[in-house]
Amino acid sequence: MNYMSQRLRAAAGKSGREDGEGSVQVHSEVPMEVDGAKVFAVYGKGGIGKSTTSSNLSAAFSKLGKRVLQIGCDPKHDSTFTLTGRLVPTVIDKLEEVDFHTEELRTEDFVYEGYNGVMCVEAGGPPAGTGCGGYVVGQTVKLLKEHHLLEDSDVVLFDVLGDVVCGGFASPLQHAERAVIVAANDFDSIFAMNRIVAAIQAKAKNYDVRLGGVIANRSKDTDEIDRFNEAVGLKRLAHFQDVDAIRRSRLKKRTLFEMEDSPEVEQVRNEYLKLAAALWAGTEEQNAVPMKDREIFDFLGFD
């Protein structure tokens, strides 16, 4: 086991408050409050388009004149590349370079300016199969607080690894005030969304985070999402269809706000701007009640 993995494992093993029955979740030693900023965490099934959604939402917030900080929480560290045009070095990369002496790091070592002034951070992660991603997120937040970057932002957006089954990747919920879920109109992403709802409700027992709603993505229709939402007590915040401009923007390493004008691009941009404005104005708390796995298995789909 390398030195970084040892550091990550040792820190992740510290216990804290339990969020629910049988919880073995990782808890941050960093104070939970992020003064002066609205904080959102974006969740959803792996591959559903969370990073695309997060980056374009950050761009939309910036278009509304907000100071935006986006934090990628996936070890793949690809959350912000459409904002910056590249894969930026991660917090863990930089911490390892200075032997985890955080006082030796400068802001410009791990924060990178992207499109329209959006500030971008990639937490990174331990080598595959070692350490704890939740600790990495906690150390990233600690660094950002030490450098006063959180209170200097209007909006902080966590883009989080896919399906939530471990407390480590649920740790951004300890810092956020609203969690939004990205889902397509299909069995797998709605099934995953149900489990994410349960994770958010577990964190809400001890922290300020609450469900903010659902973003329908890569879907022509929303009938199955809407049926699930009605059954558990959720609301849809936005709907992004599976348009080719979104796929092309990823290939071009750009946000949709940098793509050539067209009717479909303009429509998607306007939807992101409406979503950003709604989130900034404040979404009402949604007290959803998730289904049991077997219950939702029977609920989804049709004969």
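Reader: Is F40 buried or exposed in this model?

Author: The model is predicted. Buried means under 20% relative accessible area. F40 has 3% relative accessibility, so F40 counts as buried.

Reader: And F61, buried or exposed?

Author: F61 is buried, at a relative accessible area of 0%.

Reader: How many aromatic pairs does the whole structure hold?

Author: A search finds four aromatic pairs. One of them joins F40 and F61. Planes under 30 degrees apart count as stacked. Here the planes make 15 degrees, and the centres are 5.9 Å apart, so this pair is stacked.

Reader: Which parts does the pair of F40 and F61 tie together?

Author: F40 lies in strand β1 and F61 in helix α2, so parts 21 residues apart in sequence are tied together. The rings of F187 and F191 are stacked too, with centres 5.6 Å apart and planes at 15 degrees. Both F187 and F191 lie in helix α8, four residues apart, about one turn of the helix. F187 is partly exposed at 34%, and F191 is partly exposed at 22%. With F297 they form one aromatic cluster.

Reader: What is the strand order of the open sheet?

Author: Its eight strands run β3-β4-β2-β5-β1-β6-β7-β8, with mixed pairing. β3 and β8 stand at the edges with a single partner strand each, so one side of each has no neighbour in the sheet. β1 and β5 pair in the parallel sense over five bridges. K38 stands opposite V155 in β5.

Reader: Over the face of which residue does K38 lie?

Author: K38 lies over the face of W280, 5.2 Å from the ring centre.

Definitions and conventions. Residues are numbered from 1 along each chain as its sequence is written. This is a predicted model: local features need pLDDT of at least 70, side-chain atom pairs count only at pLDDT 80 or more; totals for chains, interfaces and linings use all residues. Side-chain values use heavy atoms; hydrogens and water are left out. Two strands pair if DSSP finds at least two bridges between them. Helices (H or I, at least four residues) and strands (E, at least two) are DSSP runs, numbered from the N terminus. Rings of Phe, Tyr and Trp (its six-membered ring) pair if their centres lie within 6.5 Å; planes under 30 degrees apart count as stacked, over 60 as edge-to-face and the rest as tilted. Buried means under 20% relative accessible area, exposed over 50%, partly exposed in between (1.4 Å probe, protein chains only). A charge sits over a ring if NZ of Lys or CZ of Arg is within 6 Å of the ring centre and within 35 degrees of the ring normal.
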